[in-house]
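I opened my notebook to get to know a structure that was new to me. Here is what I looked up, entry by entry.

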Amino acid sequence: MSLMERGTVRPITGVAWTSNTGTCPKDFSLISITEEGAAANFTRSFGMKSGYYLCYSKDLTGGMVVSDIQIISEKDSIPHGYCYIAEHLEPKATVSKKKRLCVRIVPVGSVDTALLDIKLTAKSKMMLQYYTYVGDIHGYMLWCRKGLFTSPPPQAKPRRVSLDLRTLSLEQPSAPLALRPSNPPPPLPHARLTQRRGNLPSTDNLDKPADSSLQGITALDGVPFSLHPKYDIQANGTGPQFSSQINNIRIKSLQDVENEYKYTFAVEEFAAKRTRPSVTTGSESKD
């Protein structure tokens with residue numbers, strides 16, 4: 001057997017008993033005749049017409065292969081790692097238990113050699129080239145061929161692309177705009193501002209966050225601001241006297257406050273420098 005022949009033969013993945021082609025499982029091949037051309041129908045006795053056949057599968061969907069096959073008698077215990085072959089029979093049909101067929105099934109990736117083919121011959125001196133004799137079972141001789149096999153490469157499953165290609169763009173996305181309050185404060189009444197309020201920054205700069213992000217937004221954003229009605233000149237209708245008083249309010253600087261309320265802390269310094277009088281004991285006074 002050439003290397004090319006060994007590479008094209010698929011391994012056997014399952015062996016079973018079946019009553020006929022109607023009960024034979026899908027993807028299984030039924031051995032209906034022997035190598036001599038006789039019927040390969042296993043019967044329980046000579047007078048019975050109905051019987052059962054041997055079948056095998058080479059479907060690698062399950063990822064398992066048959067690495068070995070053995071025939072044991074009903075008195076022998078099944079070898080470790082082996083199992084009896086399955087039975088796909090008609091109702092009330094049974095298989096003789098005098099001799100049983102067992103196989104060793106392993107993952108396809110764990111072995112390099114496996115069972116490639118099985119054949120049946122009648123009890124004769126016929127020898128099958130490249131095949132190994134397994135044993136005698138129910139009036140037939142079972143042969144098997146083992147060798148290297150090549151498992152088919154895994155096929156990639158097609159994927160459904162749900163991404164809309166129209167949304168793809170090579171242009172870089174623009175930077176997100178800074179958030180601004182959705183309810184800006186109402187405009188302030190047109191009144192004469194004091195000197196201190198006139199030095200405050202404009203409202204445009206106050207509305208902008210410091211870092212153009214969510215961290216620049218405070219809890220006061222969006223809260224309307226207005227003067228108390230008591231100090232609203234237009235609403236109260238106060239005369240120029242009240243307006244002049246507001247304008248004459250002088251805002252003192254830090255230096256003005258220090259000059260007006262200067263305190264040298266001389267008393268505290270004198271108290272800190274005083275020495276506490278020493279207390280003499282009675283024994284020292286006697287001396």
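**Entry 1: a loop residue**

I began with Asn41, which sits in the loop between strand S2 (28-31) and strand S3 (53-57). Strands here are DSSP runs of E with at least two residues, helices are runs of H or I with at least four, and both are numbered from the N terminus. I note that this is a predicted model, where local features need pLDDT of at least 70, side-chain atom pairs count only at pLDDT 80 or more, and totals for chains, interfaces and linings use all residues. Residues are numbered from 1 along each chain as its sequence is written, and side-chain values use heavy atoms, with hydrogens and water left out.

Is Asn41 buried or exposed? I found a relative accessibility of 18%, so Asn41 counts as buried (under 20% relative accessible area; exposed is over 50%, partly exposed in between, with a 1.4 Å probe and protein chains only). I also looked up Ile31, 10 residues from Asn41 along the chain: their C-alpha atoms are 8.8 Å apart.

**Entry 2: the whole chain**

I counted eight helices and 10 strands in the chain. Of its 287 residues, 22% are buried. I then turned to contacts (heavy atoms within 4.5 Å): among those between residues at least 6 apart in sequence, 70% join residues at least 24 apart.

**Entry 3: cysteines**

How many disulfides does the structure hold? I found zero, taking a disulfide as a pair of cysteine sulfur atoms within 2.5 Å. Cys24 is in no disulfide, and the nearest cysteine sulfur, in Cys55, lies 4.3 Å away. Cys24 is buried, at 16% relative accessible area.

I checked Cys102 next. Its closest cysteine sulfur is that of Cys83, and at 8.0 Å this is too far for a bond. Cys102 is buried too, with a relative accessible area of 0%.

**Entry 4: a cavity**

My search of the whole structure gave one cavity of 30 Å³ or more. By cavity I mean a set of points, on a 1 Å grid over the protein atoms alone, where a 1.4 Å probe fits but cannot get out; lining residues have an atom within 4 Å of a point. The volume of the largest cavity is about 60 Å³, counted as the space filled by probe spheres set on the points.

Which residues line the largest cavity? Among them are Trp17, Tyr84, Glu87, Arg100 and His138. Strand S7 (residues 99-107) gives the largest share of this lining, three residues.

Methods:
On a 1 Å grid over the protein atoms alone, a cavity is a set of points where a 1.4 Å probe fits but cannot get out, and a pocket is an open set with protein on both sides within 12 Å along at least five of seven lines; lining residues have an atom within 4 Å of a point.
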